[in-house]
Amino acid sequence: MTWLEIIEIRSVGSNRKLLETHLQDLIKEVCREADLQGVKVYRHLTLETDFSIHLYYDAEKAEIS
């Protein structure tokens, strides 16, 4: 069974490209550490500093703390 973790991020900065670069680096690090089935990143249409990261785990392999 798959379970989903959602991380909502709102940045106060106005440099969206720099924020996206930092988020990509963070996601790569999380993917190395965790046994993920997939990752999806969503950006708010009108608020450029709002992001939602969806992490998909295999419930039988993941540790829940």
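With which side chain does the side chain of Ser52 make a polar contact? Select Ser52 and His54: their side chains make that contact at 2.9 Å. A polar contact here is a pair of N or O atoms within 3.5 Å; within protein, one must be able to donate a hydrogen and the other to accept it, and residues adjacent in sequence count only if both atoms are side-chain atoms.

Before moving on, a note on what you are viewing. This is a predicted model, in which local features need pLDDT of at least 70 and side-chain atom pairs count only at pLDDT 80 or more, while totals for chains, interfaces and linings use all residues. Residues are numbered from 1 along each chain as its sequence is written, and side-chain values use heavy atoms, with hydrogens and water left out.

**Stop 1: around Ser52**

Stay on Ser52, which sits in strand 3. Helices (H or I, at least four residues) and strands (E, at least two) are DSSP runs numbered from the N terminus. Ser52 is buried at a relative accessible area of 10%; buried means under 20%, exposed over 50%, and partly exposed in between, with a 1.4 Å probe and protein chains only. Now show its surroundings: leaving out residues up to four places away in sequence, Ser52 touches Ile6, Ile7, Glu8, Lys40, Val41 and Tyr42. Contact means heavy atoms within 4.5 Å.

**Stop 2: the sheet**

Switch to a cartoon view. The protein holds one helix and three strands, in the pattern β-α-β-β along the sequence. The strands form an open sheet with order 1-3-2 and antiparallel pairing. Strand 1 (2–10) and strand 2 (36–43) are at the edges with a single partner strand each, so one side of each has no neighbour in the sheet. Two strands pair if DSSP finds at least two bridges between them.

Next, select strand 2 and strand 3 together. Their antiparallel pairing runs over seven bridges, and a hairpin of six residues joins them. Two bridges to pick out are Gly38 with Tyr56 and Lys40 with His54, the latter being the histidine in contact with the Ser52 side chain.

**Stop 3: the nonpolar core**

Select Leu19, Leu23, Ile27, Leu36, Phe51, Ile53, Leu55 and Tyr57 and show their side chains: these eight residues are the largest nonpolar core. Such a core is a set of buried Ala, Val, Leu, Ile, Met, Phe, Trp, Tyr and Cys residues joined through side-chain atoms within 4.5 Å. Helix 1 (16–33) and strand 3 (50–58) are the elements that give two or more residues to this core, and strand 3 gives the most, with four.

Zoom in on Leu55. Neighbours within four places in sequence aside, its contacts are Trp3, Leu4, Glu5, Ile7, Val30, Leu36, Gly38 and Val39.

**Stop 4: the aromatic pair**

Which two residues form a stacked aromatic pair? Select Trp3 and Tyr57: their rings lie 4.5 Å apart centre to centre, with 15° between the planes. Rings of Phe, Tyr and Trp (its six-membered ring) pair if their centres lie within 6.5 Å; planes under 30 degrees apart count as stacked, over 60 as edge-to-face and the rest as tilted. Trp3 is in strand 1 and Tyr57 in strand 3, 54 residues apart. Colour by accessibility: Trp3 is partly exposed at 24%, whereas Tyr57 is buried at 10%.
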